[in-house]
Amino acid sequence: QLTSKSTGVTLNKSAGRITMNNASLASVTNVTFTLTNSLISVSDILILNVSEGTAGSYNAWVSGLAAGSAQITLRNISGGSLAEAVVINFAIIHGA
């Protein structure tokens, strides 16, 4: 992400890493961005995990899924503001 934590990213792979912008994210605050990926279909499962950033300080989940894209939400649960380039790993499990 070049400009903010809400900037969309494009990565057309079945698995990959998203390095987020290091902008500050306040405690108990969510930020959502779009992952554009031509391999995603509406019957797929997108698995996420936070691989870099202060351990135990973030939750990440898929908040929306459509053909060719997903909405990913990151929440700071640390109790304080954090300014880190969080890395989210993802993998697509293709459905029927």
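This briefing describes the fold of one protein chain and then a handful of its residues. The structure is a predicted model. The chain has nine strands and zero helices. One salt bridge turns up in a search of the whole structure, and one aspartate, Asp44, is buried without a salt bridge.

**Overall fold**

- From the N terminus on, the order of elements is β-β-β-β-β-β-β-β-β.
- Along the principal axes, the C-alpha atoms fill a box of roughly 40 × 25 × 20 Å.
- Among contacts in the chain with a separation of 6 or more, 74% are between residues 24 or more positions apart.

**Surface and burial**

- Buried residues make up 33% of the 96 in the chain.
- The chain has an accessible surface of about 4,800 Å². Carbon and sulfur atoms account for 55% of that surface.

**The salt bridge: Glu52 and Arg17**

- The side chains of Glu52 and Arg17 form a salt bridge, with 2.6 Å from N to O.
- Glu52 belongs to strand β5 and Arg17 to strand β2 (residues 15–19), so the pair ties together parts that lie 35 residues apart in sequence.
- Glu52 counts as partly exposed because its relative accessibility is 40%.
- Arg17 is also partly exposed, because its relative accessible area is 46%.

**Asn89, a further partner of Arg17**

- Asn89 sits in strand β9 (residues 87–93).
- The Asn89 side chain makes a polar contact of 3.3 Å with the side chain of Arg17.
- A polar contact of 3.3 Å also joins the side chain of Asn89 to the side chain of Ser51.
- Neighbours within four places in sequence aside, Asn89 is in contact with Gly16, Arg17, Ile47, Leu48, Asn49 and Ser51.

- Asp44 is placed in the loop between β4 (30–36) and β5 (45–52).
- The Asp44 side chain does have backbone nitrogens beside it: the nitrogen of Ser41 lies 2.8 Å from one of its polar atoms.
- The backbone nitrogen of Gly95 lies 3.0 Å from a polar atom of the Asp44 side chain.
- Apart from neighbours within four places in sequence, the residues in contact with Asp44 are Leu39, Leu65, Ile92, Ile93, His94 and Gly95.

**Ile72, a buried residue in a strand**

- Ile72 is part of strand β7 (residues 69–76).
- Is Ile72 buried or exposed? Ile72 counts as buried because its relative accessibility is 0%.
- Beyond its neighbours within four places in sequence, Ile72 touches residues including Ile18, Val31, Phe33, Leu48, Trp61 and Ile88, all of them in contact with Ile72.
- Ile72 and Leu39 are 33 residues apart in sequence, and their C-alpha atoms are 16 Å apart in space.

**Asn30, in strand β4**

- Asn30 lies in strand β4.
- With a relative accessibility of 39%, Asn30 counts as partly exposed.
- Asn30 and Leu74 are 44 residues apart in sequence, yet 5.5 Å separates their C-alpha atoms in space.
- The side chain of Asn30 makes a polar contact of 2.8 Å with the side chain of Arg75.
- Leaving out neighbours within four places in sequence, Asn30 is in contact with Leu25, Trp61, Thr73, Leu74 and Arg75.

**Val28, with a positive phi**

- Most residues other than glycine have a negative phi.
- Val28 is not a glycine, but its phi is positive, at about 50°.
- Val28 is found in the loop between β3 (24–25) and β4.
- Val28 counts as exposed because its relative accessible area is 54%, and the cut-off for exposed is over 50%.

Terms used: Residues are numbered from 1 along each chain as its sequence is written. This is a predicted model: local features need pLDDT of at least 70, side-chain atom pairs count only at pLDDT 80 or more; totals for chains, interfaces and linings use all residues. Side-chain values use heavy atoms; hydrogens and water are left out. Helices (H or I, at least four residues) and strands (E, at least two) are DSSP runs, numbered from the N terminus. Buried means under 20% relative accessible area, exposed over 50%, partly exposed in between (1.4 Å probe, protein chains only). Lys and Arg count as positive and Asp and Glu as negative; His and the chain ends are not counted. A salt bridge is a side-chain nitrogen of Lys or Arg within 4 Å of a carboxyl oxygen of Asp or Glu. A polar contact is a pair of N or O atoms within 3.5 Å; within protein, one must be able to donate a hydrogen and the other to accept it, and residues adjacent in sequence count only if both atoms are side-chain atoms. Contact means heavy atoms within 4.5 Å. Accessible areas come from the Shrake-Rupley method with a 1.4 Å probe; for residues, only the protein chains shown count as cover.
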